[in-house]
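Have a look at the model first, then read on.

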Amino acid sequence: KTIQMALPFLPGNSFADPNKTRYHLSQTLGYKNGYIIPKVQDTNALTENDLDELANYQPTLTYGKKKEFPMEQFLPAHVIFDKKVLMFKAFFKQTVHESHDEFYCVRLVKIYYYLEDDSIMISEPVVENSGIPQGKLIKRQKLPKNEFGDTWHWKDFNIGAELTIYGKTFKIYDCDEFTKEYMASEGIVLNQPEECPSDLYNISREQPHRSYKTPTQFDKLKQFIELDRKVLRFFCIWDDSDKIFGEIRPCILHFFLVDNTMEIREIHTPNDGRDPFPVFIGRRRIPIDLNNIPVSFPAICMELSENEITEWFEPKHFKIGETLFILGRRFLLYDCDNFTKSYYREKFNVQEFTPLDVTTKVTNLKEKQIPPYNGYGSLEDSLQSCLSLIPQPPKKDFIKILENANKVLRYSAIMKSVHAEDKLRHFIISYYLSDEMIAIYEKPQRNSGILGGKFLERTRVQKPGSHVDSPEFYTPTDFAIGAVVEIFKHRFIITDADEYVLKYLESGKFPISTINSIRIKHGKEPLETLDGINTSKENESNTSKHYSESQSSQCSVSPHSPLGASDHGLVSLKLLSHSSLPSESPYHRTSYNYLKADWDSFRDFLRDGPWVEIFRLSVDKCASYITSWVQTGMESFIPSRRIQKSVHAEDKLRHFIISYYLSDEMIAIYEKPQRNSGILGGKFLERTRVQKPGSHVDSPEFYTPTDFAIGAVVEIFKHRFIITDADEYVLKYLESGKFPISTINSIRIKHGKEPLETLDGINTSKENESMNTSKHYSESQSR
């Protein structure tokens with residue numbers, strides 16, 4: 001390195017470094033992944049702003065040390081010209097010696113010049129059935145130009161230039177757009193593109209394009225391919241009113257374009273009194289004039305054929321408003337479908353398709369008068385005999401049945417009568433919301449002289465004074481506290497209602513007077529308007545989150561394809577619910593007896609379901625209604641037993657005896673019967689082994705005597721029992737074995753004995769008892 005000095009750069013002012021021993025030039029290229037790349041000099045690296053400033057700066061006078069400009073970044077040619085190829089179109093003529101028809105052939109080639117290393121490749125496009133090996137003629141290499149060792153360079157190429165390569169002369173007649181742009185950027189002006197000479201032999205071999213001429217006779221195969229499944233549809237009426245018993249019948253005319261056949265179908269309406277034959281005139285070719293046949297034709301022994309019929313019905317003969325005589329009958333065309341309209345627009349340029357009004361020609365039937373109700377059966381059943389010849393079951397509001405299934409409003413009532421003994425009778429009136437029926441149950445009372453039980457079967461009750469033909473039935477609005485309800489000549493006074501009745505009335509649009517009468521009975525303040533109900537609902541909705549919290553993102557309903565060859569669909573409902581039930585939350589368990597089920601009635605119930613209305617609903621409602629309908633059928637036709645564990649006060653008064661069998665570790669439960677409890681006692685659980693809740697199925701854990709301490713809560717099949725007492729044998733058995741002292745002390749305290757601290761006290765007490773017993777026995781023997 002030269003010594004930096006603050007002297008002008010003049011001869012005699014520069015000195016060499018005496019310590020410099022290496023005078024070589026530094027290497028500017030390096031290898032990375034097998035490729036040569038330039039080394040970046042970071043010492044003299046400048047930003048773009050610095051380079052722009054140095055390039056544009058022109059000083060007039062420089063003082064001090066001369067500024068050194070950074071070296072330009074060096075890029076090798078293989079990096080700059082990578083994937084840059086010049087393409088020239090050329091041809092050469094090849095002499096043909098073996099043929100009398102041609103003397104030479106013109107072969108087209110493409111010359112590729114690679115700017116990366118100045119190599120050239122010549123390729124001939126493949127021509128089908130040429131008989132010449134084509135493709136790559138000269139592989140990529142540097143081609144010699146002359147005998148002095150020069151090679152072809154891109155500067156030697158131009159349109160119209162001839163290149164002699166390995167004894168063959170190639171003439172360039174065109175190039176691509178990139179080549180033109182590159183040559184123009186290098187200052188080379190290309191000539192105008194020339195026309196490539198054509199090969200005379202190939203021209204002589206060319207055959208003129210074949211011209212296909214469709215024969216005059218219509219092609220049936222073409223007609224089948226183009227017009228198959230394309231049918232013209234016209235709506236028409238058969239006017240036969242000029243005859244004695246004639247009438248106007250609506251029909252549909254189908255014209256099949258694939259074979260020019262036609263058929264006529266009759267439109268049947270309910271109760272039209274005709275046999276349900278859909279085809280009025282079968283599919284065939286129908287002549288326009290059936291009588292226009294030669295006189296010499298022997299019609300007595302031969303049938304008509306295409307030789308005798310001169311004109312058949314075609315699409316051009318049909319038009320809205322025209323009257324056609326088809327096989328001796330008059331048909332008036334009054335409308336057509338959309339496909340027929342588009343066909344006539346395209347083929348016949350018909351734009352007007354105004355339908356005719358033929359409703360005035362239809363004879364008006366007499367209005368059906370329904371006779372008055374005769375009192376036999378229900379009003380709906382007797383009405384079906386007036387609507388059809390074969391009475392059908394009356395249609396029910398299945399949506400209402402599904403939404404209100406198992407919803408019952410229960411009221412307490414007394415009878416209003418002049419007899420003193422009737423005033424003491426108490427009844428329970430059940431109002432079923434699904435079908436608006438009423439059932440009455442009388443509470444049995446001791447020494448009253450009246451048998452309790454079912455007082456009225458489940459039936460619809462008509463209000464007194466309503467007309468027979470348009471009856472008015474009781475609704476929940478009529479059952480207010482203190483209201484008098486007359487049911488089949490018996491008058492009842494509503495005295496009370498359960499909590500569910502109040503919740504149901506507050507959830508709907510019912511009179512505020514009815515709601516307030518029940519609220520006052522339940523010790524709640526009356527409401528002035530229905531807005532107060534909505535406020536209380538919002539407060540109760542916060543507590544409902546304590547029972548169940550479901551994630552809507554994990555709920556999905558998806559329809560599936562039919563199973564096998566069945567035409568029935570399957571709807572799958574997926575609901576992931578995260579519930580946090582309290583320890584005293586109510587739940588139910590239903591046990592079905594499938595051996596005594598009425599399967600035939602159950603199948604009829606499923607078949608008569610409103611599936612058309614249900615499947616028109618959304619997927620969520622459809623799945624919910626299907627589940628409710630199947631559940632309603634199971635509860636109606638399969639005997640079941642509903643077991644309930646709830647927080648009601650009456651359940652806390654129920655007493656049970658739990659028997660634990662030491663031989664097989666099984667448990668049986670017997671319920672003590674209680675008078676006036678409304679619950680039948682007896683066997684509650686058969687003798688069986690009971691698994692502890694929470695234990696795994698593969699390795700179950702069963703109850704042992706250790707778990708039955710006084711005050712312990714035992715959960716048996718979703719029912720929880722509190723152990724309140726145990727007999728003396730239980731205490732003796734536990735004291736005789738190795739059982740927890742806490743379990744033994746809980747029973748000892750219940751029996752009025754002192755608790756023990758350890759199990760040794762049990763052995764001491766046993767020795768004292770045995771000594772006293774043996775002494776007493778010996779004294780008795782001596783006496």
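In this predicted model, helix α10 (residues 499–507) packs against helix α11 (residues 512–521) at an angle of about 150 degrees, and their axes are 10 Å apart. With a cut-off of over 145 degrees for that label, α10 and α11 are therefore roughly antiparallel to each other. Their crossing is left-handed. On the α10 side, the contact is made by V501, L502, L505 and E506, while α11 brings T514, I515, I518 and R519. Sort the residues in this α10–α11 contact by class and you get 5 nonpolar, 1 polar and 2 charged.

Just after α11 comes G523, with a positive phi of about 80 degrees.

Helix α17 (residues 728–736) and helix α18 (residues 741–750) cross at roughly 150 degrees, and their axes come within 10 Å. So α17 and α18 are roughly antiparallel to each other as well, and the crossing of this pair is left-handed. Here V730, L731, L734 and E735 of α17 meet T743, I744, I747 and R748 of α18. By class, the α17–α18 contact has 5 nonpolar, 1 polar and 2 charged residues.

Which residues other than glycine have a positive phi? D118 is one of them, with phi near 60 degrees, and E436 is another, at about 60 degrees. D118 is in the loop between β4 (104–114) and β5 (119–124). E436 lies in the loop between β16 (426–432) and β17 (437–442).

On to Q384, which lies in helix α7 (residues 379–387). Is Q384 buried or exposed? At 15% relative accessibility, Q384 counts as buried, since the cut-off for buried is under 20%. Leaving out residues up to four places away in sequence, Q384 touches P391, Q392, P393 and P394.

What about cysteines? C105 is buried, with 9% relative accessibility, and C336 is buried at 5%. How many disulfides does a search of the whole structure find? The count is 0. For reference, a disulfide is a covalent bond between the sulfur atoms of two cysteines.

Here are the burial values together:

| Residue | Relative accessibility | Class |
|---|---|---|
| C336 | 5% | buried |
| C105 | 9% | buried |
| Q384 | 15% | buried |

Finally, the whole chain. There are 19 helices and 29 strands in it. Of its 783 residues, 25% are buried. Take the contacts between residues at least 6 apart in sequence, and 45% of them join residues at least 24 apart.

Notes:
Residues are numbered from 1 along each chain as its sequence is written. This is a predicted model: local features need pLDDT of at least 70, side-chain atom pairs count only at pLDDT 80 or more; totals for chains, interfaces and linings use all residues. Side-chain values use heavy atoms; hydrogens and water are left out. Axes are lines fitted to C-alpha atoms, for helices over the stretch in contact, and angles run from 0 to 180 degrees between N-to-C directions. Helices (H or I, at least four residues) and strands (E, at least two) are DSSP runs, numbered from the N terminus. Angles under 35 degrees count as roughly parallel, over 145 as roughly antiparallel, 65 to 115 as roughly perpendicular and the rest as oblique. A crossing is left-handed if the near helix is turned anticlockwise from the far one by less than a right angle, and right-handed if clockwise. Contact means heavy atoms within 4.5 Å. Ala, Val, Leu, Ile, Met, Phe, Trp, Tyr, Cys and Pro count as nonpolar, Asp, Glu, Lys and Arg as charged, and the others, Gly among them, as polar. A disulfide is a pair of cysteine sulfur atoms within 2.5 Å. Buried means under 20% relative accessible area, exposed over 50%, partly exposed in between (1.4 Å probe, protein chains only).
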